[in-house]
Each structure stands twice: as structure tokens, then as C-alpha cells.
Amino acid sequence: MEAFWISLVAIFVAELGDKSQLMAMTFATRFKTWTVLLGITIATTVVHLVSVAAGGLIGDVLPTTAIAVVAGLAFLGFAVWTLRGDELTEEESKKAQRTTRHALIAVTVAFFLSELGDKTMLATITLATKHDWFGTWIGSTIGMVAADALAILVGRLLGRHLPEKVIRYGAATAFAVFGVVLLAEALL
């Protein structure tokens, strides 16, 4: 359960202000919310399963202290990445707007491709090096889907008046705290 809750919270925070949330809001303006959420869930389930497998292999090979130091540094890096911001490119936005057929396939493929190498994938790999793979997988998947569902809901309620800076700074702070805690655990 510890892996589940840590992963759920970490990935939920990581997803705040991410381009995936922008994609979710864009798709939700064109398709039914449930179709968008199902596509996000399918893509996230697969990407995070691959992520925990990679994290589990790395966790079995490297010493625990080294993993904790690398994980702490990675989370500090995620904090900087989050502060930098993440935007939907014009090409990604156009693709989301013009896709009208086979909505579920379009959403699933778009989310799958956008998550490869994304900070939430890397964060999931990092978490899986230290925690149970199953709890990490389920927690990270639910955390990401919940964050994207929240983005869709808030996007529908508030339109384009989202407090982007507040979300970005809050997520960056949470990453920095996770990073410092991991480093402190490893070095003390």
C-alpha cells in the first residue's frame, strides 16, 4: 500500500501543468469525457507497466543507497523541469483538434506517444526502483488519470482562466521536497 500511495501522490503532482493535461482538455472539447478518460487510462496503464518493469530491473541491479541518491537528484531535476513548464506544441494541438474519427484510438495513441520519455514516465521508473512494482504501477496510473480528469473538469468549469503559475510552482515545490527527503534518507 505504501508504494501505491507514494506513487499516486507523486505522479498526480508530476502531471499538474504537464502537456498531457493540455491534451486532455483539448480532446475533451471534441469528444465525450468518458472516451477521453478511457483512452488516457489505456495509454497510461501500458506506459506505466513498462516504466515499473524498467524501474524494477534497475532496482535489482543497483545498490539501495545509489538508487536513493539518483532518485533524489531525479526528483530535484523534475522540480526544475516543472518550473520550466510544459506546453502543447502547435502541431500537437492541431492533431488533437482535427481528429474526429475513432476518438478512443486517437486519444490512446496520442497519450501513449506523448508519455514516452515524459517526466511522469521517468518518475514512475524512479519510484519503481525503490518500491513494489504492482503498487507503483497502480498508484502511478490512478494518479495520472486523476490529474488528467481534474484538468478536464477544471478546464470545463474555468475555461482558459487556470492559475498556471500557481500549479507549476506547487508541483515544483512538491518534487523538490520529495528529492530532498530521498537524498536525506540516502545520505543520513
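Q: Why are helix α3 (residues 33–61) and α7, which pack at an angle of about 40° with their axes 7 Å apart, called oblique to each other?
A: Axes are lines fitted to C-alpha atoms, for helices over the stretch in contact, and angles run from 0 to 180 degrees between N-to-C directions. Angles under 35 degrees count as roughly parallel, over 145 as roughly antiparallel, 65 to 115 as roughly perpendicular and the rest as oblique. The angle of α3 and α7 is about 40°, and the two helices are therefore oblique to each other.

Q: What is the basis of these values?
A: The model is predicted; local features need pLDDT of at least 70, side-chain atom pairs count only at pLDDT 80 or more, and totals for chains, interfaces and linings use all residues. Residues are numbered from 1 along each chain as its sequence is written, and side-chain values use heavy atoms, without hydrogens and water.

Q: What makes the contact between α3 and α7?
A: Contact means heavy atoms within 4.5 Å. On α3 the residues are V47, H48, V50, S51, V52, A54, G55, G56 and I58, and on α7 they are T120, M121, T124, I125 and A128.

Q: Which residues of α1 and α7 meet?
A: I6, S7, A10, I11, A14 and E15 in α1 meet K119, T120, A123, T124 and L127 in α7.

How values were computed
Helix = DSSP H or I, 4+ residues; strand = E, 2+ residues; numbered from the N terminus.
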